[in-house]
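Hi everyone, thanks for making time. I'd like to walk you through one chain today, so let me put it on the screen.

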Amino acid sequence: MSTTLDNIKQQVSENPILIYMKGTPQLPQCGFSAQTVQALMACGERFAFVNILDNPDIRAELPKYANWPTFPQLWLNGELVGGCDIVVEMYQNGELEPMIKEAAAKAGADEEKAGDA
């Protein structure tokens with residue numbers, strides 16, 4: 001049986017662009033999640049999400065794993081970027097979109113390699 005920590009590690013490693021949030025991108029359940037998703041969507045790439053309201057075990061364990069106490073949390077290529085304030089600031093100063101595009105391009109390249117195997 002896999003643990004919550006195993007699930008988190010798998011989600012983070014298998015999804016190059018991942019947001020842990022309250023609600024869904026179409027129906028965020030808090031203002032911080034809404035702002036973060038809006039910045040992410042403006043970058044124009046597909047991304048994975050986990051609704052922590054539907055996953056209380058992840059909601060409890062992720063802050064310890066990430067050493068980050070709040071939600072939402074944006075992860076790119078297995079690394080924690082940060083929460084709402086950081087993501088929105090990065091979007092506004094033009095740093096976020098290139099990082100998102102790079103993560104999406106890397107994911108595409110990895111998929112092509114897997115297809116060649």
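**Contacts and cores**

Let me begin with contacts, meaning heavy atoms within 4.5 Å. Of those in the protein chain between residues at least 6 apart in sequence, 61% join residues at least 24 apart.

A word on the source: this is a predicted model, where local features need pLDDT of at least 70, side-chain atom pairs count only at pLDDT 80 or more, and totals for chains, interfaces and linings use all residues. Residues are numbered from 1 along each chain as its sequence is written, and side-chain values use heavy atoms, with hydrogens and water left out.

The order along the sequence is α-β-α-β-α-β-β-α-α, with helices (H or I, at least four residues) and strands (E, at least two) taken as DSSP runs numbered from the N terminus.

Now the inside. A nonpolar core here is a set of buried Ala, Val, Leu, Ile, Met, Phe, Trp, Tyr and Cys residues joined through side-chain atoms within 4.5 Å, and buried means under 20% relative accessible area with a 1.4 Å probe, protein chains only. The largest core has 16 residues, and I17, I19, L40, L74, L76, L96 and I100 touch the most other members. Strand 1 (17-21), helix 2 (31-42), strand 3 (73-76), helix 4 (84-92) and helix 5 (96-116) each supply at least two of its residues. Helix 5 gives the most, 4 residues.

What does L74 contact, leaving aside its neighbours within four places in sequence? Its partners include I17, I19, L40, V87 and L96.

There is also a second, separate core of 12 residues, with A48, I52, I58 and A66 among them.

Technical notes. Buried < 20%, exposed > 50% of the residue type's maximum accessible area, 1.4 Å probe, protein only.
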